[in-house]
Amino acid sequence: KNPLPKGKELIMIESFYGGENRYNTEYEIFNAAGITVLSPSPRGSAGFGRDFAAMNDKDLGGNEIIDIIYCADYISKKLDVPAERIGLFGMSGGYATMRLVTFPGEVNGNKASFKFGFGIETAGFCDIIYQHMHSNIPDWTALEAGDPVKDAARLIDRSPLYHAEKLTGPLLLLHGNHDNRVDIEGSRLLDRKLTHLNLPHRYVEFEGLGHGIKGVDNNRKFYYECFRFLDEIESGK
């Protein structure tokens, strides 16, 4: 209702689990700050039947990433907002956020690019094989991404850790250190790699927190860190 002024606009695209027809507190908080939120349903999303949900099985980091890039291009043109003011966010879907800001430009023979201005990833993984070996749901990565042995080369290529040098804009990494679904090394590994490459990012760890942001104090810290980061993006620092 009260968007940021022209030239200061921010658009945030949810990656990966989006598009659900439900009230979402996180969207409303960002909206209240004048930020536009786009929550797309790329292939593999729930809510459109079994076949649609299965469209990215064994293709994690593949064509659903192309879908989100097309969504970014669409909203950029529709609202006349440049790419540097369009970012990504995702809880657990932090993998997709990291994949998109380090995307090498082609997957499955499909070429696409969008120079995202920033990203906020929460509880994501940057190495698919590491995630498979250290998660309490390894069957999920096997279904979504493929076999960590037979498909190792493809899984490595689709892991943001190995394309970190392509980072398109500042990245905020947020993770609880008691997460047994997505091991905290999923964020620590990329933090160390980006530090080594001297690329813009910030890493914030939540003591004792599992998978997701739970509790008043943790939510206060989460949104403080998000808006501190977004203030810097909005001001062009």
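1. Helix axes here are lines fitted to C-alpha atoms over the stretch in contact, and angles run from 0 to 180 degrees between N-to-C directions. Helices (H or I, at least four residues) and strands (E, at least two) are DSSP runs, numbered from the N terminus. The model is predicted: local features need pLDDT of at least 70, side-chain atom pairs count only at pLDDT 80 or more, and totals for chains, interfaces and linings use all residues. Residues are numbered from 1 along each chain as its sequence is written, and side-chain values use heavy atoms, with hydrogens and water left out.

2. Start with helix α1 (residues 25–32) and helix α9 (residues 216–235). They pack at an angle of about 40 degrees, with axes 12 Å apart. That makes α1 oblique to α9; oblique is what remains once angles under 35 degrees count as roughly parallel, over 145 as roughly antiparallel and 65 to 115 as roughly perpendicular. The crossing of α1 and α9 is right-handed (the near helix is turned clockwise from the far one by less than a right angle).

3. Which residues of α1 and α9 make the contact? From α1 come Glu 26, Ile 29 and Phe 30; from α9 come Phe 222, Tyr 223, Phe 227 and Leu 230. Contact means heavy atoms within 4.5 Å. By class, this contact of α1 with α9 has six nonpolar, no polar and one charged residues. Ala, Val, Leu, Ile, Met, Phe, Trp, Tyr, Cys and Pro count as nonpolar, Asp, Glu, Lys and Arg as charged, and the others, Gly among them, as polar.

4. Next, helix α3 (residues 63–79) packs on helix α4 (residues 94–101) at about 70 degrees, with axes 11 Å apart. That makes α3 roughly perpendicular to α4. Ile 65, Ile 68 and Ile 69 of α3 meet Ala 96, Arg 99 and Leu 100 of α4. The contact of α3 with α4 has five nonpolar, no polar and one charged residues.

5. The largest pocket has a volume of about 420 Å³. Its lining has 22 residues, and the closest to its centre are Glu 14, Arg 22, Asn 24, Glu 26 and Met 91. Elements giving two or more residues to the lining are β1 (11–14), α1, β3 (86–91), β6 (118–122) and α9. The largest share, four residues, comes from α9.

6. Two backbone points deserve a look. A cis peptide bond joins Ser 15 and Phe 16, with omega about 25 degrees; Phe 16 is in the loop between β1 and α1. Lys 58 is not a glycine, yet has a positive phi of about 65 degrees. Lys 58 lies in the loop between α2 (50–53) and α3.

Terms used. On a 1 Å grid over the protein atoms alone, a cavity is a set of points where a 1.4 Å probe fits but cannot get out, and a pocket is an open set with protein on both sides within 12 Å along at least five of seven lines; lining residues have an atom within 4 Å of a point. Grid points are joined across faces, edges and corners, and a volume is the space filled by probe spheres set on the points.
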